[in-house]
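Here are my notes on the model, point by point. Please keep the structure open as you read.

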Amino acid sequence: MNLLFEDQMRTSDPGASVPAYDPDERAKMLDEAVAATPVRRSRGRLLLAACAALVVAGLIFQSVTASIGSAQASEVLHQAAIHAFDERSRPGQYWQLTRTGTNIYGDQDNRLFLVRVEHVDYVAVDGKRPTWFVRGGATTVRQLSGPPPTGPVTWSPGDTWTTNLSPEQMPAYWSLPSPSWLAALPRDPAQLRARLYADTEGRGNNHDDEAFTYVADVLRSGIVPADLRSALFEVLRTIPGTTVKDAEARLDDGRVGAAIGRNDIFGSTGQLIVDPDNGQVIGERTVMSTFFGFVGDATLTTGIAARLVDSVPKNVQENARREKCTVENDEVRC
Amino acid sequence: MRHSPPNRDRGWLERLFDQHGLRVRAFAVRRVGADAGDDIVSEVFISAWRRRVDVPDDALGWLLQTARHAVLHHFRSSSRQATLRETVRWNSHATESPSAEDETRLLVDSILDALPPTDAEVLRLTVWDQLTPSEIAVVLGITPGAARTRLMRARQSAQEFYGASLHPEPPSVRSAEPCSPQH
């Protein structure tokens, strides 16, 4: 009798006698691969164009496009779930997370300005070393409201700091995850969804809105591993009302993804920009509605880029303020 | 903007397919059966072509990770909940005398089911797909060290379960109560 379990596994290997593809099968599969087009975007455009031509009533148009948006979102998220992939990290490395985008700043005279900002975080891949934060100064893009300024508008020059605490030493939650907290989340979409809806129970105005917000929060962190991203994309597919708002949302750096979001009760939307071809959240944007009359329509877009680096740049280390922080009652005090 | 490397043409895809197609097919068949397995392989090579800029030169890990995600999606789809394993079980229940092969497979599946899912997958990737810990790390998105640790733990636990299935302990050994004298 065979007493090694691995020998029993080999005996019962369901793939042991799988044959190679014959020439016809091989050719067919290669033809399909080369001929396949990224249908999720082009199909969305075609469907929307076709619908636009047929629409005779605004209500019908809204209904049809909402349905298409949902189906499109499902397809985009499905592709993103399959393609989620991470560059392999080495111990000691950091994720350099760069967020570049627009925001709204106000001055003391109640003027509002659209400004451009860049934030860079250096997060240890193991979560066991403190994070370094670099906040660049804002530059004005244009004035949104209020009387014309009497002089040049300047903003604070930015800041660079770190703390004595690593992510693993801080309380972790959806909007501030640590690697071990992320590792403990279920990878099964049904279990993950149950956890998400349990954590959002009783929060916000709408349970589905809040669930979407929590998923956006954790994905925004930029440190979610590929298998969990894949499960989160699957969960997003199941949140009612999640639709593609823009099949080709373009970031300033040229990257393009599908903007996926929901309408909140004010009509503005928080959207994730997902690249279905690499299973990454490459940005996010907020489309302000006319409800915010003092602002008018505005779209705030932030690009998110993550790359592995071996160390925190020397100038960042030299210039950073060192915050002394403690954890009390699950709160970080600095 | 990303550009395709000059050598990533159809010939490159053909070489990729010839080098790894069979292993991707075996990987998929092991997890979803023959029919759905070919859908997985097709999806993997469509992805490889579409993302040819990103596919590393040492492509097996990338291909199998893409296959793994496609397999996971396959199981998530509500219309495809019956796994190969469940099919085998159903079939073996339907026959009056399951074959020795079925019994072995049921035993192997039940032991793998008893392990933490990632540990079981590490064992499958090692024994069935013949990957090294470094390759497993790519497929599962973990570090090679974690892959080695999980492999060691999975081997030990699986062997213990297997040993217990061959030599089940008599109830009296597990009982906290002293045995009553036999009369």
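1. **Terms for the fold.** Helices (H or I, at least four residues) and strands (E, at least two) are DSSP runs, numbered from the N terminus. With that rule, chain B reads α-α-α-α-α-α-α-α-α along its sequence. The tally for chain B is nine helices and zero strands.

2. **What kind of model this is.** This is a predicted model, in which local features need pLDDT of at least 70, side-chain atom pairs count only at pLDDT 80 or more, and totals for chains, interfaces and linings use all residues. Residues are numbered from 1 along each chain as its sequence is written, chains are lettered from A and ligands numbered from 1 in the order in which they are written, and side-chain values use heavy atoms, with hydrogens and water left out.

3. Buried means under 20% relative accessible area, exposed means over 50%, and partly exposed lies in between (1.4 Å probe, protein chains only). Chain B has 183 residues, and 43% of them are buried. A contact means heavy atoms within 4.5 Å. Take the contacts in chain B between residues at least 6 apart in sequence: 64% of these join residues at least 24 apart.

4. **The interface.** Between chain B and chain A it is about 4600 Å², and carbon and sulfur atoms give 60% of that.

5. **Polar links across the interface.** A polar contact is a pair of N or O atoms within 3.5 Å; within protein, one must be able to donate a hydrogen and the other to accept it, and residues adjacent in sequence count only if both atoms are side-chain atoms. Between chain B and chain A, 18 residue pairs are in polar contact (both at pLDDT 80 or more).

6. **Salt bridges.** A salt bridge is a side-chain nitrogen of Lys or Arg within 4 Å of a carboxyl oxygen of Asp or Glu. Over all chains, the count is 35 salt bridges. Across the interface of chain B and chain A there are four. One of them pairs B:Arg30 with A:Asp13, with the closest N and O atoms 2.7 Å apart.

7. **A bridge between strands.** A:Arg99 and A:Asp121 form a salt bridge (3.3 Å, N to O). A:Arg99 sits in strand β1 (residues 94-106) of chain A and A:Asp121 in strand β2 (residues 112-124) of chain A, so the pair ties together parts that are 22 residues apart in sequence. A:Arg99 is buried at 15% relative accessibility. A:Asp121 is buried too, at 9%.

8. **Bridges within a helix.** B:Arg10 and B:Glu14 meet in a salt bridge (3.0 Å, N to O). Both lie in helix α1 of chain B, four residues apart, about one turn of the helix. B:Arg10 is partly exposed at 30% relative accessible area, and B:Glu14 is partly exposed at 26%. Elsewhere, one network of salt bridges with shared partners joins A:Asp13, B:Arg30, B:Arg31, B:Glu121, B:Arg124 and B:Asp129.

9. **A closer look at B:Arg31.** Is B:Arg31 buried or exposed? B:Arg31 is buried, with a relative accessible area of 10%. B:Arg31 belongs to helix α1 (residues 10-32) of chain B. A polar atom of its side chain lies 3.0 Å from the backbone oxygen of B:Phe27. Not counting residues up to four places away in sequence, B:Arg31 touches B:Val71, B:Phe75, B:Glu121, B:Arg124, B:Leu125 and B:Asp129.

10. **Helix α7 of chain A.** Eleven of the 14 residues of α7(A) are buried, so this helix is largely enclosed by the rest of the structure. Among them are A:Phe212, A:Tyr214 and A:Leu219. A:Asn206 caps the N-terminal end of α7(A), with a side-chain oxygen 2.8 Å from the backbone nitrogen of A:Asp208. Just after α7(A), A:Gly222 has a positive phi of about 80 degrees.

Definitions and conventions. Buried area = accessible area lost by both parts, 1.4 Å probe.
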